[in-house]
Amino acid sequence: MSPADLSQLPAADFFAVESMLSQAERNKLAELRDFLASEVAPYAADWWNKAEFPSHILPKLAALELSTPAHRGYSHLFAGLVIAEITRVDTSLATFFLVHHDLFVESLHTFGTDDQKQRLLADASELRTTGAFALTEPLHGSDVAGGMETRARRISSSTGEADDDGDTWVLNGAKRWIGNGTFCDYMLVWARDEADGSVRGFIVDATLPGVSRSRIENKIALRTVQNADIEFRDVRIPEVDRFGGISSFEDTKELLRSSRIMVAWQAVGQQLAAFDVARQYAVERHQFGRPLAHFQLIQQQLVTMLGNAVAGMAMMAGIARLQDQGAADMPQVALAKSYLSARMRETVALGRSILGGNGIVTDYRMAKIFADAEAIYTYEGSFEVNTLIVGRAVTGISAIS
């Protein structure tokens, strides 16, 4: 069977979830697919191999006008399918997209003051500037809510003394695994107020004195993403750059819930990608004088992969419906993230198996898909932590604390 014949076979969206979109949304998704096919797909493996981020494509990505789709009148289902579709072609680019748009830009929409929005929102939405979300620390990931060590002290800029009504904050501490951290223009930094122990959010210009950034090397997943270790040493931040809408860690949960939803959509996109690659390989690769797809075990593996992907799309369509109703809560989102992460791991492993030895080289895409899945399994709440969030919800007993 030739590659052209694949277009006559059912799509990985086996239950036609995409048909639930409006015609305008389907048209925009097709536009995104055209962009990904021409500007990303031919080059993504090379970027990944070299651990280089393709900054040159950002103007074209911005031209699609897909930043924070819900604020542009699109549905939550469409917003999720955008992330899944980008992931389907390149998980690293999807991760950049959600860090910048679904965390940094969304933070400006949700918590920014009128002044902050006026100064920063347009450039960030159009990718003329880029942002990062600096929450995780070297010693605190899942427990960062209670263990956050980065500190902020409010002072008077004229005296340098602590002042509850001062016009400046002094930031000290460190963050780790910060996506876009090596090149971003701004970062949303979370720190504990020395005065009362509450968690504050700050918009930090990455070029300020006292900010140092270094790229995390030797990754086996999301190699195109520029994750950074960041240190803050007596960094002075004006009061006007404190997020006025942030007064405690509870305020971050709305953002983290939304970003966790998008990472669950990434788990869907990973499975769509794995199925696409494995099916094409199975119908084109011949062994024992016939296509791999002729063999029953290969068909069983492909059907399992497809079932996992379809189940994931259906679950996430349900989450999108709850979002539209303003009713998606953290346990529901945690179930989607943990369950789909596990199914994704199974799916990409089956895909890698179908490709045999060719499944461990990035020339055939599957090795990259397989490796990137490990990052999705862990970030935005590990599989275990998300599982325990759901366990607490259904038993009333916390196994975390």
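## Aromatic pairs

The structure, a predicted model, holds 11 aromatic pairs, a pair being two rings of Phe, Tyr or Trp (its six-membered ring) with centres within 6.5 Å. Tyr 377 and Phe 383 form a stacked pair because their ring centres are 5.4 Å apart and their planes lie at 10°; planes under 30 degrees apart count as stacked, over 60 as edge-to-face and the rest as tilted. Tyr 377 is buried, with a relative accessible area of 11%, whereas Phe 383 is partly exposed at 24%. Buried means under 20% relative accessible area, exposed over 50%, and partly exposed in between, with a 1.4 Å probe and protein chains only.

Phe 53, Phe 96 and Phe 183 make up one aromatic cluster.

Local features need pLDDT of at least 70 and side-chain atom pairs count only at pLDDT 80 or more, while totals for chains, interfaces and linings use all residues. Residues are numbered from 1 along each chain as its sequence is written, and side-chain values use heavy atoms, with hydrogens and water left out.

## Charges over rings

Tyr 377 also has Arg 345 over its face, at 3.7 Å from the ring centre. The charged end of Arg 343 sits over the ring of Tyr 339, 5.2 Å from the centre of that ring. The criterion is NZ of Lys or CZ of Arg within 6 Å of the ring centre and within 35 degrees of the ring normal.

## The annotated domain

The UniProt annotation "domain: Acyl-CoA oxidase/dehydrogenase middle", from an unreviewed entry, covers residues 132-235; such annotations may be inferred rather than shown by experiment. Over residues 132-235 the chain is 4% helix and 45% strand, and the end C-alpha atoms are 17 Å apart. Helices (H or I, at least four residues) and strands (E, at least two) are DSSP runs, numbered from the N terminus.

Tyr 186 is found in strand E4, residues 186-193, and is partly exposed, with a relative accessible area of 22%. Beyond its neighbours within four places in sequence, Tyr 186 has contacts (heavy atoms within 4.5 Å) that include Phe 104, Leu 120, Ile 203 and Asp 205. The C-alpha atoms of Tyr 186 and Phe 104 are separated by 8.8 Å, although the two are 82 residues apart along the chain.

Gln 226 lies in the loop between strand E6 (211-215) and strand E7 (228-238). Gln 226 is buried, with a relative accessible area of 7%. Leaving aside neighbours within four places in sequence, its contacts include Phe 53, Phe 183 and Arg 215; Phe 53 and Phe 183 belong to the aromatic cluster with Phe 96.
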